[in-house]
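Please keep the sequence and the structure at hand while reading.

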Amino acid sequence: MTEFGYFLSCEEFTPGQLLDQARRAADAGFTRLAISDHFHPWNDAQGSSPFVWSMIGALSQAVDLPVTTLVTCPTVRLHPVVTAQAAATSGVLLDGRFTLGVGTGEALNEHVLGDRWPRHAERSDMLEEAVEVMRKLFTGDLVNHQGRHYTVDNARLYTVPQTPPPVYVSGFGPNAAELAGRIGDGFVLMGPDGDLIEAFRRAGGADKPVIGGLKVCWNPNRERAIDTVHRLWPSELLPGELGQILPTPTHFEQAAELVTRDQVAENTPCGDDADEHITAIRKYVEAGFDEVYVGQIGSEQDAFFDNYGKTVLPALTG
């Protein structure tokens, strides 16, 4: 049976707001949390970027829900050794309720140290090696590694959970889906794409979970909801690889000028018609998702949690 979680957007909300949303999500009936990992927001209007590992530590003390990173990049801005330590500590704090979602990342977040931004094929190779390194470290054993991309010299994690955190791999194309099926414990996909799920299954993901989600904007005024999404999250509708290669929020703002209000209205559940929200989420259920995470855009958080708790979630789980 599909579980429904709440998506915490570090790009849009402050640490205090995120913690409040986590508590509200638990009270509303969401059974899981996911959280983004960004150094920059997608645009200046979003205006936030707390450090995800600090947030996970705080979440572990605020709620009892499982937490998944959707997703972190363990290859450029943070070395996989450092990411492994952060993930292992998160697993301990959450008493085994932590899942490490990983991906090849975006230049927006990973270029900040001045490193070259590799092509996708190289980034995939880096991710595969990073996952190998992290899994070795999760054992608590002494690790030495000399690979194509990473060196590990006498590293050992002394704080590790009893069970290594599952590693779910994100993908937006057939090659990434194949990589997820081959090296991941699960697949992260942000749209109900049956073809990619099938590619993941064929590559070794037959019995592994598929998770992902969508953003919505619950608001009693549908036009105001569309305006809110168009102002804060037009980046969701940018095509192709733009999301991976544009380096700054300013570049995303420039590209997002091509996104229209009509596109937002057609692709994002907006307003207070519960059936519209339920229909959009059911597409993920029908595609075979095991976990679906919903993120509310904008300031109408009270209305979102009240209506999802009373109407939307009961319709999906009843």
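This is a predicted model: local features need pLDDT of at least 70, side-chain atom pairs count only at pLDDT 80 or more; totals for chains, interfaces and linings use all residues.

Which residue stands opposite glycine 186 in strand 8? The residue facing glycine 186 is tyrosine 168, and the two belong to a pairing in which strand 7 (residues 167-170) and strand 8 (residues 186-188) run in the parallel sense over three bridges. These strands form part of a closed barrel of eight strands, ordered 1-2-3-4-7-8-9-10 with parallel pairing, in which neighbouring strands are turned by 25° against each other on average, direction ignored. Strand 4 and strand 7 have helix 5 (residues 120-138) lying across them, and this helix runs at about 160° to strand 4.

Helix 7 (residues 194-205) can be described through its two faces. Leu196, Ile197, Ala199, Phe200 and Gly205 are buried there, and because they cover an arc of only 160° around the axis, they lie on the same side of helix 7. The face turned away from that buried side carries the exposed residues Asp195 and Arg202.

The buried residues of helix 7 pack against the following elements.

| Element | Residues |
|---|---|
| Helix 6 | 174-183 |
| Strand 9 | 210-216 |
| Helix 12 | 274-287 |

Strand 8 also belongs to this set of packing partners.

At the N-terminal end, helix 7 is capped by aspartate 193, a side-chain oxygen of which lies 3.0 Å from the backbone nitrogen of aspartate 195. Between its end C-alpha atoms helix 7 spans only 14 Å, whereas a straight helix of 12 residues would span 16 Å at 1.5 Å a residue.

Key. Residues are numbered from 1 along each chain as its sequence is written. Side-chain values use heavy atoms; hydrogens and water are left out. Two strands pair if DSSP finds at least two bridges between them. Helices (H or I, at least four residues) and strands (E, at least two) are DSSP runs, numbered from the N terminus. Axes are lines fitted to C-alpha atoms, for helices over the stretch in contact, and angles run from 0 to 180 degrees between N-to-C directions. Contact means heavy atoms within 4.5 Å. The expected span of a helix is 1.5 Å times one less than its number of residues. Buried means under 20% relative accessible area, exposed over 50%, partly exposed in between (1.4 Å probe, protein chains only). The arc is that of the directions from the helix axis to the C-beta atoms. A polar contact is a pair of N or O atoms within 3.5 Å; within protein, one must be able to donate a hydrogen and the other to accept it, and residues adjacent in sequence count only if both atoms are side-chain atoms.
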